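Please look over the sequence and the model shown here before reading on.

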Amino acid sequence: MFFAKLDRGMRQVLRILCIFLSIAVAVSMVTEIIARYFFTHAFRGLPEIYLLLVMWLYMLGAGLASANSSHLRIGILDHVIKKPRTKYIYRFVVATLTLIIAGYFVLWAVGLIRWAFIRPQSTSILRMPWLTSQASIMVASLLVAAYAVRDFVKALGGPGKNEAAAPAGGGD
């Protein structure tokens with residue numbers, strides 16, 4: 001019960017963040033377009049800001065896709081596969097592969113963050129540390145891994161389970 005509430009809460013937070021970031025990206029891009037049209041030049045540093053926002057949007061979107069189990073789905077197989085045991089094997093294989101890939105994603109993200117501390121870099125105009133956007137990759141890897149563990153544990157439940165994870169789209 002606690003984990004189900006935590007899962008719903010996390011999905012809601014991710015949805016709200018993705019909506020906020022989508023609006024912020026759209027507003028900053030429209031601002032740049034208007035500035036180029038009326039003033040014949042863009043605001044200095046604005047592309048760096050919306051690139052940062054897009055990175056976070058994309059990575060949090062990956063976490064939300066994992067939360068909703070809409071990241072690695074071949075929807076037609078749910079309709080083609082009829083036998084419960086075959087469905088279980090399919091879900092177990094998908095959950096296992098997702099967990100392995102998520103593990104590599106976390107390792108890669110940790111290496112990226114370590115590199116960012118060893119060789120710090122910053123953007124050319126605003127001098128924002130690249131770590132501000134690279135942190136989004138670390139957050140996404142942890143979200144994807146956490147949901148991969150969730151899906152794997154549910155898949156271990158056996159062929160009696162109807163779904164290995166939350167339905168695509170969150171089902172809320």
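A residue is called buried when its relative accessible area is under 20%, exposed when that area is over 50%, and partly exposed in between, with a 1.4 Å probe and protein chains only. By that scale Met10, with a relative accessible area of 30%, is partly exposed. This is a predicted model, in which local features need pLDDT of at least 70 and side-chain atom pairs count only at pLDDT 80 or more, whereas totals for chains, interfaces and linings use all residues. Residues are numbered from 1 along each chain as its sequence is written, and side-chain values use heavy atoms, with hydrogens and water left out.

**Overall architecture**

- The protein has five helices and zero strands, where helices (H or I, at least four residues) and strands (E, at least two) are DSSP runs numbered from the N terminus.
- Read from the N terminus on, the elements run α-α-α-α-α.
- Of the 172 residues in the protein, 35% are buried.
- Taking contacts (heavy atoms within 4.5 Å) between residues at least 6 apart in sequence, 74% join residues at least 24 apart.

- Helix 1, residues 2–39, contains 38 residues and reaches 54 Å from its first C-alpha to its last, close to the 56 Å expected at 1.5 Å a residue; the expected span of a helix is 1.5 Å times one less than its number of residues.
- The buried residues of helix 1 include Asp7, Arg11, Leu14, Cys18 and Leu21, and the buried residues of this helix pack against helix 2 (46–67) and helix 5 (131–155).
- An α-helix has 3.6 residues a turn, so residues three or four places apart point the same way.
- For helix 4, the 35 residues should span 51 Å at 1.5 Å a residue, and the end C-alpha atoms are 51 Å apart, which agrees.
- Among the buried residues of helix 4 are Tyr88, Tyr90, Arg91, Thr98 and Ile113.

- Met10 is found in helix 1 and touches Leu143 and Tyr147, not counting residues up to four places away in sequence.
- The C-alpha atoms of Met10 and Leu64 are separated by 8.8 Å, although these residues are 54 residues apart along the chain.
- Met10, Leu143 and Tyr147 are also among the residues that line the largest pocket, together with others including Phe3, Asp7, Arg150 and Lys154.
- A pocket is here an open set of points on a 1 Å grid over the protein atoms alone, where a 1.4 Å probe fits, with protein on both sides within 12 Å along at least five of seven lines, and lining residues have an atom within 4 Å of a point.
- The largest pocket has a volume of about 280 Å³, a volume being the space filled by probe spheres set on the points, which are joined across faces, edges and corners.
- Helix 1 and helix 5 each supply at least two residues of this lining.
- By class, the lining of the largest pocket has seven nonpolar, no polar and three charged residues; Ala, Val, Leu, Ile, Met, Phe, Trp, Tyr, Cys and Pro count as nonpolar, Asp, Glu, Lys and Arg as charged, and the others, Gly among them, as polar.

- Thr123 is found in the loop between helix 4 (84–118) and helix 5, and it counts as buried because its relative accessibility is 15%.
- Thr123 touches Glu48, Met128 and Trp130, not counting residues up to four places away in sequence.
- A polar atom of the Thr123 side chain lies 3.2 Å from the backbone nitrogen of Arg127.
- Thr123, Glu48, Met128 and Trp130 are among the residues that line the second largest pocket, which holds about 180 Å³ of space.
- Helix 2 gives the most to this lining, with four residues.
- The lining of the second largest pocket comprises six nonpolar, three polar and one charged residues.

**Loop residues with positive phi**

- Thr40 follows helix 1, is found in the loop between helix 1 and helix 2, and has a positive phi of about 60° although it is not a glycine.
- Thr40 counts as exposed because its relative accessibility is 69%.
- Arg127, in the loop between helix 4 and helix 5, likewise has a positive phi of about 60° although it is not a glycine.
- Arg127 is exposed, with a relative accessible area of 55%.

Technical notes:
A polar contact is a pair of N or O atoms within 3.5 Å; within protein, one must be able to donate a hydrogen and the other to accept it, and residues adjacent in sequence count only if both atoms are side-chain atoms.
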